[in-house]
Amino acid sequence: MRPFYITTPIYYVNDKPHIGHAYTTVAVDVFARYQRLRGHAVRFLTGTDEHGQKIEESAQAKGIEPKAFVDQMSAPFKEAFEQLGCAFDDYIRTTEERHETRVQRLWETIAKKGDIYLGAYEGWYSVADEAFITEKELEELDPVTKSKVQRVSEPSYFFKLSEYGDALLKFYDENPDFVQPAGRFNEVKSFVKQGLKDLSVSRTSFKWGIPVPGDDEHVMYVWFDALSNYMTALGGPAEAGEAPLYDQFWNADDARVVHVVGKDILRFHAIFWPAFLLAAGLKPPSQVWAHGWLTINGEKMSKRLGNFIPPGPLVDNFGADVVRYYLCREVAFGQDGDFSHRNVIARYSGELANGLGNLLHRMIASIVKKNLGGVVPEPAGPVLPEDETLIAAAEKAAAGAAEHLDTLTPHRALDSIWELVGAANTYVDQTAPWALAKKGDTERLGRVAYNVLEALRWLSVMIAPFMPEKAAGLRTQLGIEGLSPREGDDLWPSTWGELSAGTQTQPGNPLFPRIDEKAEKALLAKFGLVEAEEAPKKSKKQRKEEEKAKAKAAEEAGGYLAFDDFLKVELKIGLIKAAEAVEKSDKLVKLSIDLGEEAPRQVMAGIRKHYDPADLVGKRVTVVANLKPRKIMGELSQGMVLAASDDEHGLSVLTLDKDIAPGTRVS
Ligand code: MSP
């Protein structure tokens with residue numbers, strides 16, 4: 001069985017863990033659990049990135065030594081991931097000796113080959129991103145990140161990245177799945193094709209890093225240190241036989257090495273990291289999978305906006321498995337998606353409580369208990385077409401979920417699995433076992449009940465990577481053993497009918513108890529999300545004071561809009577790919593607009609009276625891209641198309657007179 005090594009990025013410890021960090025780690029845990037179920041040897045690594053200028057500065061701001069600071073800050077990440085049920089095999093901290101000595105070895109190997117040389121760096125350094133940036137990149141930064149950019153002029157070691165462009169392009173050609181999703185691979189390739197500059201890989205103006213071997217004046221550039229964690233955690237780089245984990249999970253010909261990262265740090269993983277490894281004569285990883293961002297009201301979580309959502313209270317109120325399910329289900333892996341507490345509740349109620357929970361409960365706690373003595377019946381009598389349909393749905397779901405989990409698209413895997421939940425609920429509705437019981441048709445009742453219980457058994461395996469505790473609970477109620485993955489044993493369901501007749505089921509409490517309206521309000525209140533009408537009314541005095549403060553702020557701005565406020569509105573060029581009139585509305589047109597992102601956005605525009613939808617296709621328009629998505633007549637609208645109107649001409653959308661690329665920011 002193929003060794004599977006999967007990693008998360010290591011997290012900077014200058015922040016506390018938030019659901020963005022949880023998102024990556026949970027997804028990786030899901031992939032690792034799936035591969036274990038299939039019988040593969042699996043190693044799952046996560047950890048913390050503890051060096052660098054940003055961390056040194058954070059420690060200074062707190063008035064403590066960097067080591068004491070990172071010790072304090074690393075533990076909450078580990079605890080948060082454990083609380084979320086993430087079963088990592090190793091947790092690396094870059095301040096550990098096992099890491100530092102191996103990074104130095106990697107450095108020395110590259111230096112010996114002559115690909116590291118001493119020079120001087122003169123240019124910009126973004127402390128927030130821990131990255132050397134160009135003049136052009138500087139211009140594109142948001143104002144807050146920009147305020148933390150420094151002019152650096154200091155001696156520095158350089159890595160000869162400029163000499164690795166061709167080798168990288170050849171490596172990409174030979175490994176066409178190296179970066180996923182494919183669209184992001186194209187971005188990486190074009191970046192490399194533009195030509196690479198040598199990379200500064202050491203700093204002298206601060207101390208908090210791994211010393212450069214043989215030159216204590218320099219500490220290593222934090223990304224050289226950080227990227228190496230994937231290898232040092234296995235004991236590499238090492239000679240064959242020296243580090244067994246490294247031999248098995250990195251060096252073995254069939255080892256599959258996957259780094260899952262956020263799209264913000266793809267460049268480091270897809271360009272620098274393989275280049276360092278090629279230079280050292282070592283094997284690059286098999287794949288880098290770049291997912292999108294979890295946003296809050298359309299914005300990335302950031303200190304500036306103070307919109308971090310910690311995972312702890314979510315787990316306390318919904319349970320780890322529900323949070324895991326939500327994170328994997330809500331957002332298409334690879335794209336950005338908004339987090340919302342209300343959607344957690346909506347998905348919980350619709351898909352978990354009413355979907356899977358109800359299927360289990362109506363069958364085990366009701367039909368089987370009341371009519372079959374709580375025992376799995378022997379399937380007897382003819383197999384009818386509806387039975388075959390259910391079995392086919394189970395086979396399709398298992399094959400689909402397996403494929404999507406293997407290709408790291410968890411939202412798709414859940415789509416496949418929930419098709420079976422839907423098919424099984426439909427089967428119960430169609431076959432009406434309660435009516436069969438009433439009629440006394442025990443034979444047919446037996447087959448129907450068996451089929452539903454068997455579908456639930458299949459589901460208990462398929463949901464296990466996502467919701468390990470719920471899967472165990474489901475199996476307990478079915479009266480079957482928990483799953484204990486072992487190397488070489490494939491536990492994925494593939495043969496219909498393996499549930500043994502005669503098994504005593506154990507009806508228990510609902511797997512997903514319903515959240516009624518009152519409980520929902522109480523939950524929302526806990527998260528500070530009470531509805532506007534429930535918010536305490538403001539007194540006259542409070543209202544007056546607020547108005548005064550507003551008037552004062554407007555006066556101070558001299559009636560002008562502050563530039564930073566203007567920048568908050570993300571105006572982008574969009575290319576209309578499709579347009580259709582919305583039935584039941586004489587105003588609305590449903591547009592599909594390319595904004596240079598992975599998938600086009602759906603935007604609802606009230607322009608039907610002024611345009612034939614067909615004439616809109618191919619137009620380049622101006623879109624407000626960071627408006628909070630909302631539903632208009634039941635359809636999601638993910639932006640707003642700008643338009644102007646007057647009495648003489650009617651309405652006109654704002655178009656361009658050149659073919660500016662979709663996604664380009666308007667400024
Ligand atoms: N320390 C570097 C990574 C070094 S890896 C060799 C770093 N750390 S980070 O803490 O800033 O972010 C790490 C990762 O956290 C991101 O790549 C991403 O996987 C995850 N996320 C952080 N915020 C996120 C969201 N808002 N949404 C989704 N993932 C997010 O960069």
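**Prolines and cis bonds**

I started at proline 237, which sits in the loop between helix H10 (229-232) and helix H11 (244-251). For the labels, helices are DSSP runs of H or I with at least four residues, strands are runs of E with at least two, and numbering goes from the N terminus. I found that the peptide bond joining glycine 236 and proline 237 is cis, with omega about 0°.

The model is predicted: local features need pLDDT of at least 70, side-chain atom pairs count only at pLDDT 80 or more, and totals for chains, interfaces and linings use all residues. Residues are numbered from 1 along each chain as its sequence is written, and side-chain values use heavy atoms, without hydrogens or water.

I then went to proline 181. Its loop runs between strand E8 (179-180) and helix H8 (182-193). The bond from glutamine 180 to this proline is also cis, with omega near -10°. I noted these bonds because most peptide bonds are trans.

**Two asparagines**

Next I checked asparagine 297. Its phi is positive, about 50°, although the residue is not a glycine. Most residues other than glycine have a negative phi. I placed asparagine 297 in the loop between strand E15 (294-296) and strand E16 (299-300).

Asparagine 626 is in a loop too, between strand E21 (620-624) and strand E22 (630-632). What does asparagine 626 contact, leaving aside its neighbours within four places in sequence? I get Lys568, Val569 and Glu570 (contact: heavy atoms within 4.5 Å). I also looked at aspartate 336, which is 290 residues from asparagine 626 along the chain. Their C-alpha atoms are separated by 12 Å.

**Sheet with E10, E11 and E12**

I traced an open sheet of 3 strands, in the order E10-E12-E11, with antiparallel pairing. Two strands pair if DSSP finds at least two bridges between them.

E11 pairs with strand E12 (residues 215-220) over 2 bridges, in the antiparallel sense. I picked out valine 212, whose bridge partner in E12 is aspartate 215. Helix H4 (residues 97-112) packs on this sheet and touches E10, E11 and E12. The direction of H4 makes about 100° with that of E12 (lines fitted to C-alpha atoms, for helices over the stretch in contact; angles from 0 to 180 degrees between N-to-C directions).

**Hairpin E25-E26**

I moved on to strand E25 (residues 643-646) and strand E26 (residues 650-653). They pair in the antiparallel sense over 4 bridges. Together E25 and E26 form a hairpin, with 3 residues between them. I see alanine 644 opposite serine 652 in E26.

**Cavity and domains**

How many cavities of 30 Å³ or more does a search of the whole structure find? I get 1 (a cavity: points on a 1 Å grid over the protein atoms alone where a 1.4 Å probe fits but cannot get out). Phe566, Leu567, Val569, Leu571, Arg665, Val666 and Ser667 line the largest cavity (lining: an atom within 4 Å of a point).

Last, I checked the division of the chain. Domain 1 is 4-291, domain 2 is 356-530 and domain 3 is 566-653, with bounds from an automatic or database assignment. I have the centres of domain 1 and domain 3, taken over C-alpha atoms, 40 Å apart.

Conventions. On a 1 Å grid over the protein atoms alone, a cavity is a set of points where a 1.4 Å probe fits but cannot get out, and a pocket is an open set with protein on both sides within 12 Å along at least five of seven lines; lining residues have an atom within 4 Å of a point. Grid points are joined across faces, edges and corners, and a volume is the space filled by probe spheres set on the points.
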